[in-house]
Amino acid sequence: MNKYILRRIAIAVPLILAIMTIVFVMLRVAVPGDPALLLAGDQATPELIEKIRESLGLNRPIWEQYLIFLRNAAMGDMGISIIHRQPVMDIIFSAFPFTVAVTFYSVTFGTALGLLVGIITAIKRGTWIDNLLMVVIVFFYSIPTFWLGIMLILIFAVGLRILPVQGATTWQHFVLPVATLSVGQATLIARLTRSSMIEILNADFIRTARSKGLPSRKIILVHALKNSLIPIITVVGLSVGGLLGGAVITESIFGLPGVGRLAIEAIGNRDYPMIQATVLMVAITFIFVNLIVDLIYAFVDPRIHYS
Amino acid sequence: MTTLKTSASTPVRLADENIEPSRGGFYAKARREFFGNRAAVISLIWIILVILSAIFAHVLTPYDPLQREAEVRLMGPSAEHLMGTDSLGRDILARVLYGGRLSLQVGFYSIIAATAFGVPLGLMAGYFGGRVDNIIMRIMDVILAFPGLILIIWLVALLGSNLTNVIFAIAFFSLPTYSRLVRGVALSVREMDYVMAAKSMGAGAGRILTWHIFPSVIGPLIVLVTLSISGAIVTGASLSFLGLGVPPPTPEWGSMLADGRAYLRNAWWMSVFPGFTITLLVLAANIVGDGLRDALDPRTQK
């Protein structure tokens with residue numbers, strides 16, 4: 001078990017390093033113009049620009065810049081925002097809780113709803129309930145996040161006037177963004193749970209449990225669900241990536257001051273240190289979530305130890 | 001052509017041994033099952049209609065999608081303007097029809113690019129194994145480590161927002177999915193007797209990959225392509241929605257939705273119709289994809 005955990009962590013380290021390298025190279029190669037010039041603004045004197053160049057280490061050879069970038073990033077220093085004129089990490093850390101909260105609640109509600117619908121459709125396979133729910137699932141699975149968000153605003157905020165349109169001051173502000181992201185999560189998990197449950201319900205050990213005369217509620221909830229959970233846990237971990245990426249859209253629709261909106265704003269303003277840091281932070285968060293998911297996975301499925 | 005057919009159906013026959021023999025080969029059976037699926041056929045017809053209406057947009061509507069008419073700003077749906085007009089007095093139906101051109105291009109071209117690069121990479125990784133496999137798949141892991149839209153948005157932002165870069169970014173992000181799928185199939189097929197037989201007869205790697213392994217990939221690949229076209233169209237529209245796609249005034253479904261957001265209170269039609277169009281197209285593509293999967297998967301084939 002310990003060995004597995006160590007090996008899993010050992011895989012995450014080079015992955016993070018690779019991502020940091022790509023982010024560094026992309027920004028140096030693809031960005032036209034001098035970052036110092038951008039930071040200095042239009043009315044800067046050549047002396048000021050030279051000073052900024054020096055403080056950013058831009059006058060050193062590229063490999064040295066790369067090492068400095070790695071060292072600074074490891075210490076949580078990702079540079080200064082060109083627009084906000086503050087350390088980017090400070091800004092990101094104040095925005096992070098919003099994104100984490102919305103992602104967390106969406107994963108939780110979406111997964112719970114998806115499991116419920118998935119179990120119902122698997123048990124009632126072939127009946128009208130299954131057929132109806134499957135149609136509903138395919139429909140909601142196909143609605144793009146941004147349109148769903150807008151439609152929810154149109155119905156609940158503009159039409160019924162029971163929820164606020166934009167902002168992040170009360171809990172009501174989080175209902176629509178979480179609902180928007182939960183729908184996608186629920187349909188994903190429901191589809192997966194259904195197929196996984198159907199496969200397990202046909203397995204020999206379920207037949208054994210049934211022939212022992214165990215109540216069918218116990219068979220479904222204990223024997224079948226527990227075994228179906230294994231592939232579902234992995235997908236929940238991977239889906240966090242989609243939700244973090246989806247935050248870009250929901251945060252911009254609902255005006256939430258999260259990391260996704262920071263990223264879009266930074267792209268619009270060509271605030272390169274900010275772009276770099278948001279991409280890196282979201283990617284690293286995603287890697288950590290999946291690391292934790294893999295550890296849970298090893299805990300749930302004892303077979304992992306031997307592989 | 002015969003080589004292609006026999007090698008494709010070999011792994012399938014193994015799974016089907018206990019099932020009563022039926023007429024025709026694997027693909028003939030799959031075709032019969034798919035066309036027996038009413039929802040899938042209706043969806044396929046819908047997709048074809050959307051493609052045709054995008055191609056013949058200039059014939060179908062008398063309006064110019066860029067023509068501004070100050071007198072008819074923000075008009076609700078009527079007989080003259082079936083989907084109403086937008087804040088600049090442009091006909092929304094015309095913009096929806098013309099907008100399909102861009103969305104469909106993004107969908108098709110990015111998937112073609114992802115297939116063109118992802119399939120050979122996956123074939124090589126699965127067939128050669130060892131170091132080749134390791135290098136290719138670790139690179140794919142790195143791409144996958146960037147969560148969803150973020151990587152695509154970042155690439156488009158760095159490279160500049162135009163149609164080519166949007167297509168490139170979406171294709172780039174799809175590479176891991178394609179190479180992983182193909183690698184998995186190649187891994188399972190490369191130990192099959194008929195591949196061994198081909199190898200022992202002196203066939204080279206290129207020949208084996210193209211004629212003996214690739215045919216087994218076609219089935220799952222068709223399903224993945226259908227299901228990911230809808231994803232690519234949504235991603236393309238999402239980029240335009242965020243202001244990173246093709247610049248205005250070019251009609252695009254995502255940017256039309258973005259325009260409509262400011263007018264939610266007094267012009268719901270600006271947001272409802274373009275979004276509904278995307279949803280229906282995505283829905284149809286997903287139903288066709290599911291239908292193809294059921295028809296092409298030997299485990300679910302009836």
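Here is a short walk through one helix pair in chain B and two serine and threonine positions in chain A. This is a predicted model, where local features need pLDDT of at least 70, side-chain atom pairs count only at pLDDT 80 or more, and totals for chains, interfaces and linings use all residues. Residues are numbered from 1 along each chain as its sequence is written, chains are lettered from A and ligands numbered from 1 in the order in which they are written, and side-chain values use heavy atoms, with hydrogens and water left out.

Let's start in chain B. Helix α7 (residues 148–159) and helix α10 (residues 205–241) of chain B have axes that come within 11 Å and cross at roughly 55°; helices here are DSSP runs (H or I, at least four residues), numbered from the N terminus, and axes are lines fitted to C-alpha atoms over the stretch in contact, with angles from 0 to 180 degrees between N-to-C directions. On the α7(B) side, B:L149, B:I152, B:I153 and B:V156 meet B:T235, B:S238 and B:L239 of α10(B), contact being heavy atoms within 4.5 Å.

A:S182 counts as buried because its relative accessibility is 8% (buried is under 20% relative accessible area, with a 1.4 Å probe and protein chains only). Beyond its neighbours within four places in sequence, A:S182 touches A:Y105, A:S106, A:F109 and A:G110.

A:T193 also sits in α8 of chain A, and at 0% relative accessibility A:T193 is buried. Setting aside neighbours within four places in sequence, its contacts are A:G114, A:L115, A:G118, A:I119 and A:I232.

Definitions and conventions: Buried means under 20% relative accessible area, exposed over 50%, partly exposed in between (1.4 Å probe, protein chains only).
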